Amino acid sequence: MWLYRILFALLTPLILLKVRRFKKDYANYRAKEAFGLWPTVDADLWIHCASVGEVLAVRPLVSQWQEKYPSHRLLITTMTPTGAEQVAKTFPFAQHRYLPMDWRFSVKRALNALSCKHLLVVETELWPNLLQQAKRRGLRVDVVNARLSERSFLRYQKFSTISRSLFALPDCFLAHAQADAVRFEALGAKKVMVTGSIKFDLVVPPGVLESNWRRQLGSRFVWVGASTHQGEDEMLLRTHAELMKKYPEALLILVPRHPERFDAVKTLAMQSFDRVALRSQVPLDQWSESDVIIGDSMGELMNYYQASDLAFVGGSLIKRGGHNPIEPALLGKAILVGPYTFNFTDITDQLLQVNGAIRCQDEAQLEKVVVDLAGQSSQRFRLGQTALRFAEKNQGAVTRVLAEIDFR
């Protein structure tokens, strides 16, 4: 741990700059909490979610936990202001705190203000000082939806002195798949259970189906580039330009992964298209006047997927490892991914094996597949229904997690 503390101390100037940026850009950011100055909080369960994606991932878990323990109190921590906004929107009954930066003094301060005996960490957001101090104070620590790519595993192995002591701290890792479990065990985890992904247990919000954006967009072909990163947006926009040569009424909904990129992506799109609009500024009934809509809203990804005929899952055309393909699968959408899906290797590979998605190795193949599928509604339907059956078959992880963990 001493080596980690030295390395973290060296990063302090960058961390302080990030805290300052959050404070400047987000009115809801409580910077004091990042230094461990928490108001007193009393909870029966503490769930830590790094940001928006993890907050959305725990929806089915929190829902079933509430049904089982309706009088229990919930604390959710996030690192980011966008995560905090999503907590307020999704779980208005929960208490929220910003996780302290992983200096030992800030973690101790925060835990001094906390009365709770159970911490759930979502996915693999493992902070050494946080876990060590939580264990010293008698908290049970479980890692839910735990996943570890081969790439991350090899990185941890290079620092085995730190990683073995780190992975020995949680009481249990509840892993996505057997491959993840093997990696956790190799890194020194004490107990590992394979429960599957709780993301499969997501229930499509009734409002998404009731509002039915797709029906409101008429007969034009609509495709979505979801959770995209810099370097992908350019490829998707070029693909859309080629698509419009054959289908001039086609619409691309481009949803950048990070909110701070919304305006930059709009500017980028305007270099190639005359009719570009932000979701926040144009009502749905006027989308027909646009060639590209920039999805600059939070918490509406399911609506964007529902509005589409074809869904490209971002982070996969560049070496970011891809994002979660389960949401479009649950909506029965035809799914495209790029060559880099190591963040969701097992899920994506299984989806591809059952022909519930198509992998595009590069921009040229993406362009060909998008243009081809734009004119093949029956093929899109078959892909989407296969993806839906795959997602439904893999549901049940939340029940297995609840069975393994005593939340009382």
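**Figure 1. Helices α7 and α8 cross at roughly 40 degrees, and their axes come within 9 Å.** Helix α7 comprises residues 104-112 and helix α8 residues 128-136; helices (H or I, at least four residues) and strands (E, at least two) are DSSP runs, numbered from the N terminus. Axes are lines fitted to C-alpha atoms, for helices over the stretch in contact, and angles run from 0 to 180 degrees between N-to-C directions. The crossing of α7 and α8 is right-handed, the near helix being turned clockwise from the far one by less than a right angle. R104, V107, K108 and L111 of α7 meet N129, L130, Q133 and A134 of α8, where contact means heavy atoms within 4.5 Å. Four nonpolar, two polar and two charged residues form this contact of α7 with α8; Ala, Val, Leu, Ile, Met, Phe, Trp, Tyr, Cys and Pro count as nonpolar, Asp, Glu, Lys and Arg as charged, and the others, Gly among them, as polar.

The model is predicted, so local features need pLDDT of at least 70 and side-chain atom pairs count only at pLDDT 80 or more, whereas totals for chains, interfaces and linings use all residues. Residues are numbered from 1 along each chain as its sequence is written, and side-chain values use heavy atoms, with hydrogens and water left out.

**Figure 2. Helices α14 and α19 pack at an angle of about 40 degrees, with their axes 9 Å apart.** The crossing of α14 and α19 (residues 363-374) is right-handed. The contact involves M235, L236, R238, T239, E242, L243 and K246 of α14, together with E363, L366, E367, V370, V371 and A374 of α19. By class, the residues of the contact of α14 with α19 are seven nonpolar, one polar and five charged. E367 of α19 is partly exposed at 27% relative accessibility; buried means under 20% relative accessible area, exposed over 50%, and partly exposed in between (1.4 Å probe, protein chains only). Leaving aside neighbours within four places in sequence, E367 is in contact with T239 and E242.

**Figure 3. The buried residues of helix α15 (residues 262-270) are F262, V265 and A269.** Seen down the axis of α15, these residues fall within an arc of 65 degrees, so they line one face of the helix; the arc is that of the directions from the helix axis to the C-beta atoms. Their cover includes α14 (232-246), β11 (251-256), β12 (276-278) and β13 (292-294).

**Figure 4. Helix α11 (residues 178-186) buries D180, A181, R183 and F184.** An arc of only 165 degrees around the axis puts these residues on the same side of α11. Among the elements covering them are β7 (140-146), α9 (150-158), α10 (160-167) and α18 (345-353). G188, which follows α11, has a positive phi near 105 degrees.

**Figure 5. E123 and N355 are loop residues with positive phi, although neither is a glycine.** E123, with phi of about 65 degrees, lies between β6 (118-122) and α8 and is buried, with a relative accessible area of 6%. N355, with phi near 65 degrees, lies between α18 and β16 (358-359) and is exposed, with a relative accessible area of 54%.
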